[in-house]
Amino acid sequence: MKRHTFTLIELLVVIAIIAILASMLLPALNQARERGRSSDCLNRISQIYKAFLIYSDDSKQLMFTHMPVSGGVYPWTLRLKELGYLPKRSILACPSMPTTDYSFRTYGMYRSTLNSTFYNSQKSSWGDFAFKRGGIDELYYALNKMRRPAEIFMNAETMCNSTSVVAGRGIWVYSPGWDGSGNDSSAIAIVHNNRCNMSFFDGHAQSKGKNDLKQMGFTNAIVNGTREGL
């Protein structure tokens, strides 16, 4: 019986076909992977809200972004961890942006004082809920003074700019219109299939696209690791 063998040309054709099929399937596989990570991310943000809600029930309906400590800043991440409100620290970071610093390179918390112009423009509809207790570097939010908590963003995916020494890592605070000064030109981040996951003070979490963010008052975001206008 005559045995058929592949010629070099036939082998190259097969390899070319496999390469074409792989190039067609890879984007779909990447999108599917990001959808899975996005779902995980939304779950983590929701868990953070629940931890914060329990904290607020124990703290006269207050939430916070940071408090002053000797020699530095006491961020929301550290306080929730040390007081035992978080089930595990890994929920503080997006699965697409792993970190070893669960104090500052995490999801961001909306910090109204980073852009007072934006906050003041929303007072008539959102309420005047942000205040300090006397210290310069501290900020608290009174939940009972929020008029439209479903509109007020809370935690969100953030990232430091590509020029930063911590490029691609999260940052613990953000604000619309803020240029990230002092924090490596950081901002909210477009991470999962051109969308940003964030939570709101009423407890719901959503994935937002660029147009959504623009309508909410954001003027820029970190896209593909670099700051871009919206």
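Predicted model: local features only at pLDDT ≥ 70, side-chain atom pairs only at ≥ 80, totals over all residues.
Helix H3 spans residues 116-126, and its buried residues are Phe118, Tyr119, Gln122 and Trp126. Viewed down the axis of H3, these buried residues fall within an arc of 90 degrees, so they line one face of the helix. Thr117 and Ser124, by contrast, are exposed and sit on the face of H3 turned away from the buried side. The packing partners of the buried residues are three strands, namely E3 (108-110), E4 (130-131) and E6 (153-156). After H3 comes Gly127, which has a positive phi, near 95 degrees.

Attention can now turn to strand pairing. Strand E9 (residues 187-190) pairs with strand E7 (residues 158-159) in the antiparallel sense, over two bridges. Here Ala187 of E9 stands opposite Met159. E9 also pairs with strand E12 (residues 220-223), in this case in the parallel sense and again over two bridges. Within E12, Ile222 is the bridge partner of Ala189.

Is His66 buried or exposed? With a relative accessible area of 1%, His66 is buried, because buried means under 20%. The side chain of His66 makes a polar contact of 2.8 Å with that of Asp137, and another polar contact, of 3.4 Å, joins the His66 side chain to that of Arg111. Leaving aside neighbours within four places in sequence, the residues in contact with His66 are Val73, Tyr74, Pro75, Trp76, Arg111, Asp137, Glu138, Leu139 and Trp172.

Note on methods. Residues numbered from 1 in each chain as written. Heavy atoms only, no water. Buried < 20%, exposed > 50% of the residue type's maximum accessible area, 1.4 Å probe, protein only. Helix = DSSP H or I, 4+ residues; strand = E, 2+ residues; numbered from the N terminus. Arc of directions from axis to C-beta. Contact = heavy atoms within 4.5 Å. Pairing = 2+ DSSP bridges. Polar contact = N/O pair within 3.5 Å; in protein donor to acceptor, adjacent residues only side chain to side chain.
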